[in-house]
Amino acid sequence: MSYLAERIQGPILYQTTDEFYEFSSTELNCLKRVKAFRPNVSLDEALQSETQVLQMSEMSNLAEYIQKHLDTYATEVLLTTNDIKFYVSQSWVSAYSPKVGQAPNMHFNSVLTGSLCVSDEGTQISFADGRNDVFPGVDFPYTTIPFASSTFEKGKLSLWPSKVPYTVQPNNNSVAYKHTSDIDVLRLFFNVYFKGQLGYTGINAPYNVHARLDLN
């Protein structure tokens with residue numbers, strides 16, 4: 001008897017730990033004035049948000065910074081071959097008013113999703129481990145999730161597989177500061193797709209070995 005089985009692994013969460021991105025005043029002004037996505041408004045209004053923020057001329061340095069991390073994620077985390085190229089397919093700013101967060105969601109139109117913290121303060125993103133949903137009560141003998149959440153630090157970048165559900169915790173900024181323009185928590189989100197053939201023939205041997213079991 002022979003069969004092929006994939007390991008049930010948790011999300012591969014990539015996040016910067018130092019040397020966070022430093023926004024210029026031009027970049028911050030641009031990010032604050034674009035039409036942001038707001039999870040607490042009607043669908044018609046939400047669909048009016050800007051979805052190609054990183055293509056704006058003011059965002060060229062930020063786009064280059066993000067691309068460098070995408071290349072690192074591809075080559076050092078996923079161990080992809082050189083013919084695979086990840087790129088940003090959509091990018092938008094999400095704005096969270098006081099007491100507003102975002103319910104668990106995932107993106108089906110991309111392979112990776114990323115976020116970069118824009119505001120001075122904000123709340124974390126929490127990630128789900130789907131193994132417990134599929135096999136409740138089962139203890140797995142290996143650990144594949146080094147982080148279950150990504151804290152909010154200005155300029156911090158996080159990147160994860162799009163099929164992993166994530167939740168943005170409610171904005172708890174004090175209403176005492178409602179006279180300021182920074183009461184909303186701003187996050188830049190982006191979806192990532194790839195060029196090339198990704199799979200058995202498009203990804204190198206070490207990743208196949210770690211991701212799959214071939215039992216005979």
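Predicted model: local features only at pLDDT ≥ 70, side-chain atom pairs only at ≥ 80, totals over all residues.

Let me begin with a term: a residue is called buried under 20% relative accessible area, exposed over 50%, and partly exposed in between, with a 1.4 Å probe and protein chains only. By that rule Glu-19 counts as exposed, because its relative accessibility is 72%.

Residues are numbered from 1 along each chain as its sequence is written, and side-chain values use heavy atoms, with hydrogens and water left out.

Glu-19 is not a glycine, yet its phi is positive, about 50°. This residue lies in the loop between β2 and α1; helices (H or I, at least four residues) and strands (E, at least two) are DSSP runs, numbered from the N terminus. Lys-99, also not a glycine, has a positive phi near 70°. Lys-99 is found in the loop between β3 and β4, the latter spanning 102-105, and is exposed, with a relative accessible area of 62%.

I turn now to helix α3. Residues 60-77 make up this helix of 18 residues, and from first C-alpha to last it reaches 25 Å, close to the expected 26 Å; the expected span is 1.5 Å times one less than the number of residues. Which residues of α3 are buried? They are Leu-62, Tyr-65, Ile-66, Gln-67, His-69, Leu-70, Tyr-73 and Ala-74. The buried residues of α3 pack against several elements, including α1 (25-33), β3 (85-96) and β10 (185-195), where contact means heavy atoms within 4.5 Å. Just after α3, Leu-79 takes a positive phi of about 55°.

Finally, the aromatic rings. The structure holds 9 aromatic pairs. One of them, Phe-86 with Phe-194, is tilted, at 6.2 Å centre to centre and 55° between the planes. Because Phe-86 lies in strand β3 and Phe-194 in strand β10, this pair ties together parts 108 residues apart in sequence. Rings of Phe, Tyr and Trp (its six-membered ring) pair if their centres lie within 6.5 Å; planes under 30 degrees apart count as stacked, over 60 as edge-to-face, and the rest as tilted. Phe-86 counts as buried at 2% relative accessibility, as does Phe-194 at 17%. One aromatic cluster is formed by Trp-92, Phe-127, Trp-160, Tyr-166 and Phe-189.
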